Amino acid sequence: MESSTAGARCRNCGTHVTQQFARVFGDNGDIVHGCPACTTYREMQSGNHLPGE
């Protein structure tokens, strides 16, 4: 699972993100598909960074 003791990572670019970030901006499984390093906050807030959206 993505949320190991090493922490969550962005599936798009591999950047480390916090568990809280994954809960807020990740999908229903807390998997992050875009982070501030590779996605704009506008895309994250609207969900446009999630697959199938």
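Is Asp30 buried, partly exposed or exposed? With a relative accessible area of 27%, Asp30 is partly exposed, where buried means under 20% relative accessible area, exposed over 50%, and partly exposed in between (1.4 Å probe, protein chains only). Asp30 is placed in the loop between helix 1 and helix 2 (41-46); helices (H or I, at least four residues) and strands (E, at least two) are DSSP runs, numbered from the N terminus. The phi of Asp30 is near 60°, a positive value in a residue other than glycine. Most residues other than glycine have a negative phi.

The model is predicted: local features need pLDDT of at least 70, side-chain atom pairs count only at pLDDT 80 or more, and totals for chains, interfaces and linings use all residues. Residues are numbered from 1 along each chain as its sequence is written, and side-chain values use heavy atoms, with hydrogens and water left out.

The protein chain contains 2 helices and 2 strands, and from the N terminus on its elements run β-β-α-α. Of the 53 residues in the protein chain, 34% are buried. The accessible surface of the protein chain comes to about 3,600 Å², of which 46% belongs to carbon and sulfur atoms; accessible areas come from the Shrake-Rupley method with a 1.4 Å probe, and for residues only the protein chains shown count as cover.

The interior may be taken next. In soluble globular proteins, nonpolar side chains tend to be buried together. Here the largest nonpolar core has 9 residues, namely Ala8, Cys10, Val17, Phe21, Ala22, Phe25, Val32, Cys35 and Met44. Helix 1 (residues 19-25) supplies the largest share of this core, 3 residues. A nonpolar core is a set of buried Ala, Val, Leu, Ile, Met, Phe, Trp, Tyr and Cys residues joined through side-chain atoms within 4.5 Å.

Phe21 is buried, with a relative accessible area of 14%. Not counting residues up to four places away in sequence, Phe21 touches Gly26, Val32, Gly34, Cys35, Pro36 and Met44, a contact being heavy atoms within 4.5 Å.

The structure holds 2 aromatic pairs. In one, the ring centres of Phe21 and Phe25 are 4.8 Å apart and the planes lie at 40°, so this pair is tilted. Rings of Phe, Tyr and Trp (its six-membered ring) pair if their centres lie within 6.5 Å; planes under 30 degrees apart count as stacked, over 60 as edge-to-face and the rest as tilted. Both Phe21 and Phe25 lie in helix 1, 4 residues apart, about one turn of the helix. Phe25 is buried, with a relative accessible area of 18%. Phe25 also forms an edge-to-face aromatic pair with Tyr41, at 6.4 Å centre to centre and 65° between the planes. Because Phe25 lies in helix 1 and Tyr41 in helix 2, this pair ties together parts that are 16 residues apart in sequence. Tyr41 is partly exposed, at a relative accessible area of 48%. Phe21, Phe25 and Tyr41 form one aromatic cluster.

His33 lies in the loop between helix 1 and helix 2 and is buried, with a relative accessible area of 17%. Its side chain makes a polar contact with the side chain of Asp27 (2.9 Å). A polar contact is a pair of N or O atoms within 3.5 Å; within protein, one must be able to donate a hydrogen and the other to accept it, and residues adjacent in sequence count only if both atoms are side-chain atoms.
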